[in-house]
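Student: I have just opened a structure that I have never looked at before. Could you guide me through it?

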Amino acid sequence: MSILYNPQENTFHLKAKGTSYVLKVLKNGYLAHLYWGKGVRNSNFEYYLNKPSFFIGSNAQNDNIPPDILSHEYPSYGTGDFRHPAYQIQLENGSTITDLKYRTHRIFSGKPKLEGYPATYIEQDDEAETLEIELFDSLIDLTVILSYTVFNNFSAITRSVRLINEGNQDLKILKALSVSVDFPSCNYDLLHLHGAWSRERHMERQSLNHGSQIVESRRGASSHQHNPFIALLDKDAGENSGEVYGFNLVYSGSFIAQVEVDHYDTTRVSMGINPFDFSWKLEPGSSFQTPEVVMVYSDSGLGEMSREYHRLYRTRLCRGKYRDSIRPVLINNWEATYFDFDAEKLLEIAREGAKLGLELFVLDDGWFGKRDSDNCSLGDWFVNKRKLPAGLSDLGEKVNKLGLKFGLWFEPEMVSPDSDLYRAHPDWCIHVPNRHRTEARNQLVLDYSRKEVCDAIIEMVSNILSTAPISYVKWDMNRNMTEIGSAALPPDRQRETAHRYMLGLYRVLEEITSRFPDVLFEGCSAGGGRFDPGILYYMPQIWTSDDTDAVERLKIQHGTSIVYPPITIGAHVSAVPNHQVHRITPMETRGHAAMCGNFGYELDLTKLDYMDKGIVKNQVEYYKEIRHIIQFGDMYRLISPFEGNETAWLYVTEDKTEAYVAFFRVLAQPNGPHTKLLRLNGLDPDKNYQIIGTDLIMGGDVLMSAGLKIPELTGDFKSVTWRLKAV
Ligand code: DGJ
C-alpha cells in the first residue's frame, strides 16, 4: 500500500519509490507536515512536532504549537503564521483572513485527470495511489481539497489544490499555490535554471539565506529567464550523492517558486501560479483548480533526481503515438533561408537531405499570408501563393516522393497588426482599452482567454493540417504578454486574463493534437522560452534554444537535462560562423553536441562542400544507430560545463547492454596530461563491454572505477564519442 492512514494518530504516510512524506491532522483540525525524505517505515512521526517550552509570538490554539513555528501543510494568512501563505482569499467584507481545518479525506487507487490541465497520468489504476484531504473554512463555507498522488515506480509525488466556494458570497482568490512544504532546517543549497533568449536554463546553485529567495516569471509564459523548477540540495549533495528535493510546476504561464528561510532557520518552499497581477473571482458554487507540481526526492544526488524526472516525463507526461517512437532526423530551412525561399529552393534542400539520409523536411516561418519578414501576416494561415504557387500539398507531396516526411511551422498564438485577421478582429488580441498596444517582434498576442478566438485558430490550423500531407508541426510563440487584459472579461475578472489564456491554450492544444494523432508536434518559443512540462504533455519535444553554437549548447543542454529528458531536447547542427555567436566549431563537434538530444540540421545542405556532406551522411547514419540509447536510455552527466573547460555525458539503455559516451573540450590545453581518463557511470559492473570500432573489451566495473582513455585532442572545440556494447 502506498498511502497509509493511522486513525489513532491521524497521520498519513505517503510512500512513493524510495521516499516517504508524512502529514498529520492536529487536535485543533490544522494540517501539519511532519516529514519528507528517504523512504522509512511507519513510526512515531508526532515526535517531530515542535512544542517549545518558551515562545514569543501568537498564542497556539489549544495544541501547544504556536502557528509561527508549526510546519503547515497549506499555510493560511493572518492567524499567526507570519511566513508566506500558500493561498489568500478576499471576502465580500474586504477581509483576507481565512481559517482552514480538516474535514475529511479519501484514499483511492489511481490518479484522477486534472480537467483542463496538463498533468502526469497513469495507464493502470495500480500504478499510483491518491490521497485527497478536504479542508474547510466554516465561516465562509470554503472547501480546499489538497490532492497527492504517489507513484509506485517513481520517487515522485504530485500535488495540486482545488478551491470550492460552497457559501453564498463571492470570494476573490488572490493567491492559490499548488504546493507548500516546510523543511526543519535551512542547511540547503537552492538550484534553479535561469537564462535569456539564446542562453536558456543555465544552472545556478546558491546557499539559502534568511528571508525569501524567489524564482518567477511575470511574462505570461514560463520564460527563457527562469524555468518553473527549483531544487533544494544538501550542502554536500552532488551529481551522484546526497539528498535532493526537486519541484517542477506543470504549467506554461507566469509562475512563482519561493523559498523562505525564517528566524528559526526553517525553510518553506512554495510553488504555483504567480499571484502577481492575478486574481480569480470564485462565485458561489464554482471551483478553481491549481496546476500540478511534481516533487521528486533523491538520496543519490542530482543525477538520480534528473533520471526520475526523465523516466516519469518520458512515459507518464508525454503522450501520443510518438511517446514511444524513435524520432525522425530532421532538416529545417530556417537558418538556411530565413524568409527568402521559393518551392524550388526548398526542394533543393530536401533533395540533398534525402541523399544524406534525413527523414523529415521542416518548412519554417514565411510560407503564409504575404510574409517576407517578421512584420506581417501572423494570423493569416493560408499559403503564400507567390512563394509556393502550387500550394503546400504539392510541396508536401514532392518532399514525400523524395522519401522525406513533411513538417510545417506555425505561430498560432499571435497576430500581426498587418494581417487580415487583425483588420477583421482588432479586439482579438490581449490589450487594455485606450492604451497603446506594445508590439514585440511586430506582433501582438491573441486573446486565448476567449473561446471564439481559440475556436477560430483550431479551425484555421486544422484546415491546413488536413489539406496537405503534414507529419510534423513546429508550434512557435515569440513574445511575452504586455497590457494584459481581455475585451471579453468584466472589470472584476481582468486579472484572470493571463491564466485564462493558459487554459485556452491547453484546450487548443488538446483539440488539435487529438484531431491529428499521427502528427509529431514540437513546441518552441523563440527557442526555449517555454520549455516546461505543461508543453511536453501536448508536444513530446521542444526546440531547446535558438542558439545552435556547439559550445553554447553544452550549457543549455546540460541545464535542460536537469529536469527534461534528452528525447525532448531539440538539437540541430547549424552553419559556421554560427549565426548567434559567430563562433566557428568543427562539424564533428556540432554533430556530437546535437546528437545528445533530438537530432537534426538547420543549414543549407546544398552549400556544404564534399567533405562536410560526407560528415553529415556519416553523422546521420551514426545517429540512427545510437538514437534508441539517447532517446529511451538513462542519462548520466559525467562532467559539467558549468565547472570548467570540459563536458561529458553518458547514455545507457535500460538493460545496460548499450551505452554512448560523448566528451567535449572547449579550449585546447598546451602540454596537457599524457593520460586523461573519463570515469563512466550507470553501466553494469558485472558486464563486459566492447568499445565499438576497436577490439577492446573492458569490464563495466573497470570503466566506472578507472575510466576510458581520452585521446589527445588538438585544437579548440573538440569532441570525441564512444559506443559500448555488452558482450
Ligand atoms: C523562433 C524560433 O525559435 C526559430 O527556430 C524560428 O522558427 C523563428 N522563430 C521563426 O520566426
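Predicted model: local features only at pLDDT ≥ 70, side-chain atom pairs only at ≥ 80, totals over all residues.

Student: How many salt bridges does the structure hold?

Tutor: The structure holds 64 salt bridges. One of them joins the side chains of R627 and E359, with 2.9 Å from N to O.

Student: Where do R627 and E359 lie?

Tutor: R627 belongs to helix α11, residues 610-632, while E359 sits in the loop between α3 (343-355) and β22 (360-363).

Student: Is R627 buried or exposed?

Tutor: R627 is buried, because its relative accessible area is 8% and the limit for buried is under 20%.

Student: What does K387 pair with?

Tutor: The side chain of K387 forms a salt bridge with that of D372, at 3.2 Å from N to O. Both residues are in the loop between β22 and α4 (391-401), 15 residues apart. K387 counts as buried, with 4% relative accessibility, whereas D372 counts as partly exposed, with 41%.

Student: And which helices hold R515 and E459?

Tutor: R515 is in helix α7, residues 497-515, and E459 is in helix α6, residues 451-467. The pair is 56 residues apart, and its side chains meet in a salt bridge of 3.1 Å, N to O. R515 is partly exposed, with a relative accessible area of 35%, and E459 is also partly exposed, at 45%.

Student: Which residues are linked in a network of salt bridges?

Tutor: One such network links D170, K281, E283, D492, R493, E496 and R500.

Student: Changing topic: in what order do the six strands of the open sheet come?

Tutor: The order is β31-β32-β33-β38-β35-β36, and the pairing is antiparallel. In general, strands of a sheet pair through backbone hydrogen bonds, either parallel or antiparallel.

Student: Which strands stand at the edges?

Tutor: The edge strands are β31 (634-639) and β36 (697-699). Each has a single partner strand, so one side of each is left without a neighbour in the sheet. From one strand to the next, the twist averages 25°.

Student: How many bridges pair β35 with β36?

Tutor: Strand β35, residues 688-691, and β36 pair in the antiparallel sense over three bridges. Within that pairing, Y689 has M698 of β36 as its bridge partner.

Student: Which helix packs on the sheet?

Tutor: Helix α10, residues 587-595, packs on the sheet and touches β33 (658-665) and β38 (718-726). The direction of α10 makes about 50° with that of β38.

Student: At what angle do α10 and α11 pack?

Tutor: They pack at an angle of about 20°, with their axes 10 Å apart. That angle makes α10 roughly parallel to α11, because angles under 35 degrees count as roughly parallel. The crossing of α10 and α11 is right-handed.

Student: Which residues make the contact?

Tutor: From α10, the contact is made by M587, E588, G591 and M595. From α11, the contributing residues are D612, I615, V616, Q619, Y622, Y623, I626 and I630.

How values were computed: Residues numbered from 1 in each chain as written. Heavy atoms only, no water. Salt bridge = Lys/Arg side-chain N within 4 Å of Asp/Glu carboxyl O. Helix = DSSP H or I, 4+ residues; strand = E, 2+ residues; numbered from the N terminus. Buried < 20%, exposed > 50% of the residue type's maximum accessible area, 1.4 Å probe, protein only. Pairing = 2+ DSSP bridges. Axes fitted to C-alpha atoms, helices over the stretch in contact; angles between N-to-C directions. Contact = heavy atoms within 4.5 Å. Parallel < 35°, antiparallel > 145°, perpendicular 65-115°, else oblique. Left-handed = near helix turned anticlockwise from the far one by under 90°.
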